[in-house]
Amino acid sequence: MTAYLNGQFLPLAEARISPLDRGFLYADGGYEVIPVYSRHPFRIDEHLHRFQHTLDGIRLPNPHSIEQWRAIILRLIAQAPFDDQTVYIQVTRGADTKRDQLFPKGVAPTVFLFTAPLAGPTAAQRENGVAVITTADIRWGRCDLKSVALLANILARQQAADANCTEAIMLRDGLLTEGSATNVFCVKNGVIITPAKDHRILPGITYDVVLELAVRHGAAHQVRDVSEAELRSADELWLTSSTKEVLAITTLDGKPVGSGKPGPVTRQMHEWYVAFRDGVMRRG
Ligand code: PDD
């Protein structure tokens with residue numbers, strides 16, 4: 001059983017929803033992705049807290065308590081045939097009886113989860129870093145909410161793939177925001193710089209881990225706006241997310257970043273991250 005839908009554990013291929021589901025009609029819902037190492041969900045409380053922030057932001061009452069979410073997630077993880085996983089959680093405003101934008105009355109939300117094997121970066125990506133493009137951030141004004149309305153992210157990511165790149169990182173009003181599914185860190189003169197967690201970006205759980213590691217190891221860092229010029233002249237750049245972990249960007253819009261190889265600060269942060277992942281996350 002690798003999925004859960006509205007109270008039932010079932011094989012993913014058997015899960016069915018109504019075409020009048022507001023998630024399908026309007027992308028009226030929120031989601032979360034929790035990485036799982038050796039069957040231990042990583043920072044489950046922080047993910048569920050961020051999910052609550054998303055649901056509050058879209059005025060969708062949370063159908064479950066933290067304890068109920070934990071029980072569903074842990075059972076799903078236990079039933080899956082793989083140890084390292086990503087648990088996907090989605091709640092929508094439910095299957096309506098008609099097509100009307102107004103919040104429906106008396107309609108139960110749709111609760112859907114599934115788990116899949118965790119696919120991190122390849123060995124070649126870790127060793128050489130990845131190429132990214134920049135693109136305009138055309139998303140809405142609440143990028144701090146993990147809404148399932150991902151069309152702008154999808155278009156950016158596909159634009160990157162069409163250019164044989166791994167990720168698209170976005171610029172709004174001359175400032176770096178984030179990647180289509182990642183946060184972005186810069187290094188200039190040994191200082192790590194990343195945008196603040198406000199409405200312009202998703203507050204990444206991996207982002208938090210990276211800043212905690214910087215504090216713990218005494219690495220110089222600044223949380224502030226990053227201009228396009230700073231982005232383009234950075235010595236090093238990296239992406240973070242639950243699945244990409246800490247991944248060097250070595251080409252930006254076809255030009256090498258720094259030496260064109262993962263730089264020393266990126267390598268160090270990746271080492272700290274791996275030590276933390278294997279020493280703490282895997283042990284639960
Ligand atoms: N994406 N920014 C965006 C727009 C994201 O979608 C994500 C995560 C992140 C990184 O957040 P975290 O470190 O908590 O994974 C930043 C997930 C993995 C996804 O959509 O699959």
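I began with Glu 178, where an N or O atom of the side chain lies 2.7 Å from a nitrogen atom of the ligand. I count a polar contact as a pair of N or O atoms within 3.5 Å. This is a predicted model, so I kept its cut-offs in mind: local features need pLDDT of at least 70, side-chain atom pairs count only at pLDDT 80 or more, and totals for chains, interfaces and linings use all residues. Residues are numbered from 1 along each chain as its sequence is written, and side-chain values use heavy atoms, with hydrogens and water left out.

Next I looked up Lys 146: its side chain has an N or O atom 3.3 Å from a nitrogen atom of the ligand. At Ile 205, a polar backbone atom is 2.9 Å from an oxygen atom of the ligand. The ligand taken alone exposes 470 Å², and the protein buries 89% of that (Shrake-Rupley method, 1.4 Å probe).

Then I turned to the shell. I found 17 residues around the ligand (a heavy atom within 4 Å), and the closest are Tyr 31, Arg 50, Glu 178, Thr 206 and Ser 242. I sorted the shell into 5 nonpolar, 9 polar and 3 charged residues, with Tyr counted as nonpolar and Gly as polar.

Last, I asked which domains give at least three residues each to the shell. Domain 1 (2-117) and domain 2 (123-283) both do, with bounds from an automatic or database domain assignment.

Technical notes:
Polar contact = N/O pair within 3.5 Å; in protein donor to acceptor, adjacent residues only side chain to side chain.
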